[in-house]
Amino acid sequence: MNAGLRHVFLASLARRRLATALSLLAIALGVALGLAVQLIHGAALDEFGRGMRLVAGEADLQVMGPRTGFDDALYVVLAQRPEVADASPILEVEASLPQRDDILRVFGVDALRVRRVQPALMPVPEGEAGGEFGIFAADAVFLSPAAQAALALGEDTDVGTGGTLAVLAGPREEHLRILGSVPGAGRGQRLAVMDIAAAQQLFDQVGRITRIDLRLAQGVDRDAAIERLRPLLPAGVELLAPEAAASQVAGLSRAYRVNLTMLAAIALLTGGFLVFSTQLLSVVRRRQELAFLRALGLDRRTLLRGLLAEGAVLGLVGGLVGVALGYVLSGLAFSIVGADLGAGYFEGVEPGLRFEPLATAAYLVLGVAAGVGGAWLPAREASRVAPARALRAGDDVEVWRARPRWSAALASLGLALLLCLLPPLGGVPVFGYAAIALILVGSVLVLPAVVRLAMRCVGGVGSVGGGRSVLLRLAHARLAAAPGQVLVAGAGVVASVALAAAMAIMVSSFRTSVDDWLSDVLPADLYLRASSSGTSAFLTPEVIAGVAATPGVSSVQPVRYDTLRLDEAQFPVTLIARPVAEGAAVPLVEGDAESVRGADGLPPAWVSEAMADLFRVAVGDTLSLPLGGAPHRFRVAGVWRDYARQHGAVLVELADYRALTNDSRSNNVAIRVAPGVQAEAVAAALQAQFDGRNFELAAPGDIRSKTLAVFDRTFLVTYLMEAVAILIGLFGVSTSFAALATARRKEFGMLRHLGLTRRDIGRLLALEGALGAAVGVAVGLAAGGAVALVLVEVVNRQSFHWSMDIRVPLAALAAFAVALVLLAAVAARLSGYQAMRQAAVLAVREDF
Amino acid sequence: MRAYIAAALLWLASGVSAAPQAQTGSGSNDARDPPGYPPVVAGRALQFPADHGAHPDYRTEWWYVTGWVTDEDGVERGFQVTFFRVRTRIGEDSPSRFAPRQLILAHAAVADPAEGRLLHAERGERALDPLAGAATGHTRAWIGNWALEWSQDHYRAIVDADDFAYDLRFDPAGPPLSNGQDGFSQKAPDPQHASYYYSRPQLGVSGSLRVRDKTHRVTGRAWLDHEWSSAYLPEKARGWDWIGINLSDGGALMAFRMRTATGEATWTAGTLRRGDGAPRALAPAQVAFIPGRRWRSPRTGTEYPVEWQLDIDGRRLALQPLMDDQELDSRGTTGAVYWEGAVRLVEDGREIGRGYLEMTGYGERLKM
């Protein structure tokens, strides 16, 4: 493109500064959100994967069991096998720290073996406090640099070498000497290392380990080794390649990550719509100018290229701003919400922000694509028109004569319906997202028809009114004659309103369902927990007995948690053992809570929806669960709703669990208070009884409000993205009306001559804006309802395997719709202000 | 004479900086009587076969085999294998199978003139039956497939490393040779620095030896030391020189010298048995080590007297190495640097015996 043409095209962007700036901003926001989501999750996953590899070290295979571990005799067996060159036993404990909510991963290692298999976990003493056998000392602990930094935030923790660290071990608080560091762990890993014998004794896990990392002998093939070693493993213990563990975690969070990326993509799409509407308007306004250029000899292709270049420049600049903003957002997110954006997928890692050339380039290209894509239709339209016709004044009305496209609209909506019936691909509801995109496309396609229909209704109302309704009639005439105008202003509104409404319905359904679910699972009056998190703390039978004997307590229901490995390809499921027969609540969606054994004598088990989906089990099936190192058969008695564990959970009778495992510990206990006794009084009595022990006592209300706070935090990012989408939609209304108003200067001049005041014209514009927006909002709400259905029934169901009851927040949606219509009216009125200031005579003269 | 190495190996195993201990040259054994370990006292006669086994109450113990072997082509090589046992006094009442009460460390090397330098490897484990341990009652120490054990009438050593491996049988020619006063071996003027110490000289060697990819049938003569103690090294000692020589007449000579940082001897002693005669303990005055030709290591820059003049019981003897470069350079792992190699004992220009020489504490102050 030569300098002259560059001036003709690109300078046009500079002339309509507001519209250009808003388009830029829209693209920038879309790019920024998408890139930030990518960066944050990429960094978190990398660091998580690094942690996995770090812990695995040079291991070829890892032997992994349930969270409570397995018999350490297996280590002795495996270490002697000829296939195994080196075996390193590990007892990993998620240690609870007193007066802190977070956990510390403590690795009990054999320092003499960890050196050969996982050198990064090597404890290195600092100073001479530990003496020559410091790494073996029963009260010695070594902290990774990240753990030292994190724990130093605590007030009374002296994390320097020679300081002490308090951890919860069962019901006790133990003080460990910090004798050095774990320098190999790197900056991002929060962990501690101690001697394996010391860890076993400290955490009451003597005889148990949670993992064995194996290096295979030279020339031994991994598959062959798996085949020969697997028969030696007890039930529930798996032999995994180190990559498998990392990919299990990545798989677990994938659906969530895709979800956020899709939201960002929709923001970007809305940006594209905005480019479309501003470009279309700009092309209309320049109709004569462009036709003149054509008449002067500019060929069709050059014109098309020039107009596309305008869109590309918008996309590129917006993309560049978006990239910068994306990095700023990621940096803020890391320091404020954490790497998982508050969703709790990546505990214990502290990733840093890094430059990602590939993702950055990809999002920049997406920004340009949005710009070019938005400019494509207007450019084609402008290049196709015959110059002779376009040179005629008043021809621009042609552009606004949008035809309804019923067949295309119905086809896309029908296809969307079909796509909803398809299963997910790789755990990601690809077809659900495609259906959402088709619904949005369909709703934009039906817009012209809806505008006609609406104008017919408005026409009816207008004819009855008379008098002041002249403005209404004018607005009606304008919109009915040129539905394309509504289309342009409305397309962005439809997309953003649909998205916002869908998210609002989905989140409201979800939140209400979670709230109901919490009432179901928290029926007791008080809950006593060994600690807020982690596996190192537990309640002994003596403690439970002490609770039961407290005056005012009518019954106690202990709960035990563990994890079970059922399948090497899947993340372990959570095992919950509770006294179901004694009335522990199960939020069932299928089956019943009768815990009687069937005719086959198999004990009952209740699986969560996620487990039913992931492991394809249904009520009545038999289920083999590895408990206490041996497989045991259960009968699936019901399916229950579980919003807490996306990887699946299985509930069994506490009595069955204890009989099979001899494990009499509990993690928490639900306490029912006798009738007529105040829960607070019992709480005070328990507090006094267990003074100095690190037990946590909570009322169901506290747990509920904490859980909902976590829920809201998780959706905070969603809310933010929603707000951005709506903002972009409003930009669309404002810019399109501003451009329209400029294009209609002569029309306004004529109206002024006919006796309308400047105020009347302002009202006319506001009315047109409100009508246009009302149609857009109405279509958007309908589309939003459909999208919400897809989100709840397809996307959520397939991503997270949970069902929910649909709740439409009618009041909020109505308020939102009214507010949007009013805002559109105000935006249209304000944007027309410039055009109305011109003298009537001047405006009309343009025509001659 | 292996405490220094034991200390170094322990640090190797733990990844710990051994600098504070190594700088004083006293290894893991401090001069002060470590609390909780039984003292080594004179007058306790060695009891066989019980004393062939481990003494887990004592702090440090080792079985140390060195020797010369000749393969089917007549090529001569030296070899060395040591098993250490260290009592940590940690977790002694722990019910965990991983309780680190006893640590077992092993070290092995081959001196092949064709290689020009030592091949060596080491292992370390906590004692955990059946993976690693040291048995009581009879000689048996092992880590994985590395082992040194007595069965019926002979010892057997199995070592398998990347660069070398051997499986050797050692047949004793006579009863154990007690060093010092009936096995009470003093290390300093203060008798609290002492060990229980006996040797098995003139062990007939047969078996296989692999160097890199080539396996050889070998025969030869070896020497076994078994020593256990609780407080071994005097405070001032920076290093020592030690020899164990199988004499050609069927006799045996063991001698050592404890050295200060300035190279002065703080203590010397030895045991000499001529032919089939009775062993004689040598008093400090009867043993003198006089350094001769020096060799500078191209790797560490350390100078070692690789040839020596020995004044033993009025005789003037000389030591000549199988090859100069028998420096053990483990800076990559333990940081310990010392010289340990095969030597010939010469009297009046005639070879009268073969064995091993160990020299420690010649390097710069160890910074590991």
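The model is a predicted one, in which local features need pLDDT of at least 70, side-chain atom pairs count only at pLDDT 80 or more, and totals for chains, interfaces and linings use all residues. Residues are numbered from 1 along each chain as its sequence is written, while chains are lettered from A and ligands numbered from 1 in the order in which they are written.

Start with where the chains meet. On the chain B side, 23 residues are in contact with 24 residues of chain A (contact means that the C-beta atoms, placed from the backbone, lie within 7 Å). Two or more residues of this side come from each of α1 (3-14), α2 (19-24) and β4 (118-126) of chain B; helices (H or I, at least four residues) and strands (E, at least two) are DSSP runs, numbered from the N terminus. By type, the chain B side splits into 11 nonpolar, nine polar and three charged residues. Here Ala, Val, Leu, Ile, Met, Phe, Trp, Tyr, Cys and Pro count as nonpolar, Asp, Glu, Lys and Arg as charged, and the others, Gly among them, as polar.

Next come the strands of chain B. Strands β6 (residues 140-143) and β7 (residues 146-151) of chain B pair in the antiparallel sense over four bridges, pairing being called when DSSP finds at least two bridges between two strands. They make a hairpin with two residues between them, and B:G144 in the turn has a positive phi of about 55°. β7(B) also pairs in the antiparallel sense with β8 (residues 154-160) of chain B, this time over five bridges. That hairpin too has two residues between its strands, with B:Q152 in the turn at a positive phi of about 55°. B:L148 of β7(B) sits opposite B:A141 and also opposite B:A157 in β8(B).

Further along, B:L203 lies in strand β12 (residues 194-211) of chain B. B:L203 counts as buried because it has 23 C-beta neighbours inside 10 Å (buried takes 20 or more other C-beta atoms within 10 Å, exposed 12 or fewer, partly exposed in between, with C-beta atoms placed from the backbone). The C-alpha atoms of B:L203 and B:A173 are separated by 6.1 Å, though the two are 30 residues apart along the chain. Leaving aside neighbours within four places in sequence, B:L203 is in contact with residues including B:G67, B:F170 and B:W223.

Finally, in helix α22 (residues 745-753) of chain A, A:F748, A:G749 and A:R752 are buried. They cover an arc of only 105° around the axis, so they are on the same side of α22(A); the arc is that of the directions from the helix axis to the C-beta atoms. Just after α22(A), A:G755 takes a positive phi of about 110°.

Definitions and conventions
Two residues are in contact if their C-beta atoms, placed from the backbone, lie within 7 Å.
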